[in-house]
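Good morning, and thank you for coming. Please look at the structure on the screen while I speak.

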Amino acid sequence: MSGLFITFEGIDGAGKSTHIDALAAALRAGGRTVVLTREPGGTPLAEKLRALALNEPMDALTEALLMFAARRDHLLQVIEPALARGDAVLCDRFTDATFAYQGGGRGFDLAVLGTLERWVQSVPALPPPGLRQPDVTVWFDLPPAVAAQRLAGARVPDKFESQPQAFFERVAAGYAQRAQADPARFLRVPADQSREAVWEAVASGLRARGVLA
Ligand code: TYD
């Protein structure tokens, strides 16, 4: 089997987690080896960078550099070796989150993020242009007002979760822009419906792409 790289995106409160677990179970039932991981994080170094990026105040460039530094370590240590073995890698957030949060949310320069994306995701083993991108990105698209209701009182918020709704409006617009730029990669799932209906949308979208039987 060849490797499969699936990422999961959406604003905080969009409800990715249960569906990532359900997809892992479905792929394992189909005989695949699954690596479950997340960003920022996924290696000891990247988890340290995550703790800094999610809890310490810093300017948007510093934040973007930490996200991409964590990503580089994660890509080299975990994602590339797993794909080379033929595993399915399910990653909770990836570079689209940097474009949505640091780019959209914090207003950081998208061209600079694009340059960092090319540096960090360059993998010599790949055919030109040698850029690692997810095979599929499942985007849980939820109106920010609904996400705010879901998050209210859910748990102690981190630096991003405590942002006002206007921030998440910009993050959501950032995701929409990324999806529009690469519609073949993005599977948009309307997330303002029951958990069962969301899972059915995820599963049917992935069946249509040949990822699930
Ligand atoms: P999240 O994935 O929602 O994890 P949890 O469910 O444990 O809260 O949290 C990660 C946070 O990091 C989320 O608010 C988005 C933010 N983030 C960025 O700002 N930029 C990035 O590049 C990534 C990967 C995440």
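This is a predicted model: local features need pLDDT of at least 70, side-chain atom pairs count only at pLDDT 80 or more; totals for chains, interfaces and linings use all residues.

The lining of the largest pocket has 13 nonpolar, 9 polar and 13 charged residues. In this count, Ala, Val, Leu, Ile, Met, Phe, Trp, Tyr, Cys and Pro are nonpolar, Asp, Glu, Lys and Arg are charged, and the others, Gly among them, are polar. Residues are numbered from 1 along each chain as its sequence is written, and side-chain values use heavy atoms, with hydrogens and water left out.

What is a pocket here? On a 1 Å grid over the protein atoms alone, a pocket is an open set of points with protein on both sides within 12 Å along at least five of seven lines, while a cavity is a set of points where a 1.4 Å probe fits but cannot get out; lining residues have an atom within 4 Å of a point. The largest pocket holds about 760 Å³ of space, where a volume is the space filled by probe spheres set on the points, and points are joined across faces, edges and corners. It is lined by 35 residues, and those closest to its centre are Asp-12, Lys-16, Arg-93, Arg-155 and Glu-161. Two or more lining residues come from each of α1 (17-29), α2, α3, α4, α6 (144-151) and α8 (195-208). These labels follow DSSP runs, numbered from the N terminus: helices are H or I with at least four residues, and strands are E with at least two. The largest share of this lining, 4 residues, is supplied by α4.

Where does the ligand sit? The elements giving two or more residues to the shell around the ligand are α2 (44-55), α3 (60-85) and α4 (95-105). Of these, α4 gives the most, with 4 residues.

In total, 17 residues surround the ligand, and Asp-12, Arg-93, Thr-98, Tyr-101 and Gln-102 are the closest; a residue is counted if one of its heavy atoms lies within 4 Å. By class, this shell has 6 nonpolar, 2 polar and 9 charged residues.

A polar side-chain atom of Lys-16 is 3.5 Å from an oxygen atom of the ligand. For Arg-50, a polar side-chain atom lies 3.2 Å from a ligand oxygen atom, and for Glu-161 the distance from a polar side-chain atom to an oxygen atom of the ligand is 3.2 Å. On its own the ligand has 550 Å² of accessible area, of which the protein covers 90%; such areas come from the Shrake-Rupley method with a 1.4 Å probe.

Let us turn to the cavities. How many cavities of 30 Å³ or more are there? The count comes to 1, and the largest cavity has a volume of about 30 Å³. Its lining consists of Ile-11, Trp-139, Phe-140, Asp-141, Leu-142, Ala-172 and Tyr-175. By class, 6 are nonpolar, none is polar and 1 is charged.

Finally, the backbone. The peptide bond from Glu-39 to Pro-40 is cis, with omega near -15°, and Pro-40 is in the loop between β2 (34-38) and α2. Pro-128 and Pro-129 are also joined by a cis peptide bond, with omega about 5°; Pro-129 belongs to the loop between α5 (110-120) and β4. Arg-93, although not a glycine, has a positive phi of about 75°, and lies in the loop between β3 (88-92) and α4.

Notes:
A polar contact is a pair of N or O atoms within 3.5 Å; within protein, one must be able to donate a hydrogen and the other to accept it, and residues adjacent in sequence count only if both atoms are side-chain atoms.
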